[in-house]
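Here is a short briefing for a reader new to this structure. Please look over the sequence and the model before going on.

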Amino acid sequence: MPMLVKNVFLLIEDNLIDQLVIKQLLKKVLCIEEVHITNNGKEGIEWLLTNGKLYPSIIIILDVQMPVMNGFEFLNAYAKLDIELKNGNQIYVLSSTLDPDEIKEISSSIYVTDFLGKPFPIEEFRNKIYLND
């Protein structure tokens, strides 16, 4: 029986199929009840500004390549948020990028908990969130 994770999840991903697959994996494999989805970094920041104070911690799954505001732009905007909105959160960047410069930039961010390659590695993710919980 899977352990129940009590965290709230925010998926920032523009691909509708990836949104559906990742949400289903979180619900079925990790028994996650609360998954919020935004379509780009701008919507993700707006969601955090509106809802971030309602939760003690949020696990954010962040895509890199998105229209409007990409993952790098999101991280820059996230850095400017009030500390109360960031406290206790974890950001997992989910990307298919193989560009070493992009991976280095992602890994060097103090806000990024870890980098995950696409397709979404649910078992690896489960191990990481239980270690960081």
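Predicted model: local features only at pLDDT ≥ 70, side-chain atom pairs only at ≥ 80, totals over all residues.

Residues are numbered from 1 along each chain as its sequence is written, and side-chain values use heavy atoms, with hydrogens and water left out.

- Strands (E, at least two residues) and helices (H or I, at least four) are DSSP runs, numbered from the N terminus.
- Six of the six residues of strand β3 (residues 58-63) are buried, so β3 is largely enclosed by the rest of the structure; buried means under 20% relative accessible area with a 1.4 Å probe, protein chains only.
- I58, I60 and L62 cover one side of β3, and I59, I61 and D63 the other.

**Strand pairing**

- Strand β1 (residues 8-12) pairs with β3 in the parallel sense over five bridges; pairing requires that DSSP finds at least two bridges between two strands.
- L11 has I61 of β3 as its bridge partner.
- Strand β4 (residues 90-95) also pairs with β3 in the parallel sense, over five bridges, and I91 of β4 stands opposite I60.

**Helices α2 and α3**

- Helix α2 (residues 41-51) packs against helix α3 (residues 71-79) at an angle of about 25°, their axes 9 Å apart.
- That makes the two helices roughly parallel, a term for angles under 35 degrees.
- G41, G44, I45 and L48 of α2 make the contact with F74, A77 and Y78 of α3, where contact means heavy atoms within 4.5 Å.

Terms used: Buried < 20%, exposed > 50% of the residue type's maximum accessible area, 1.4 Å probe, protein only. Axes fitted to C-alpha atoms, helices over the stretch in contact; angles between N-to-C directions. Parallel < 35°, antiparallel > 145°, perpendicular 65-115°, else oblique.
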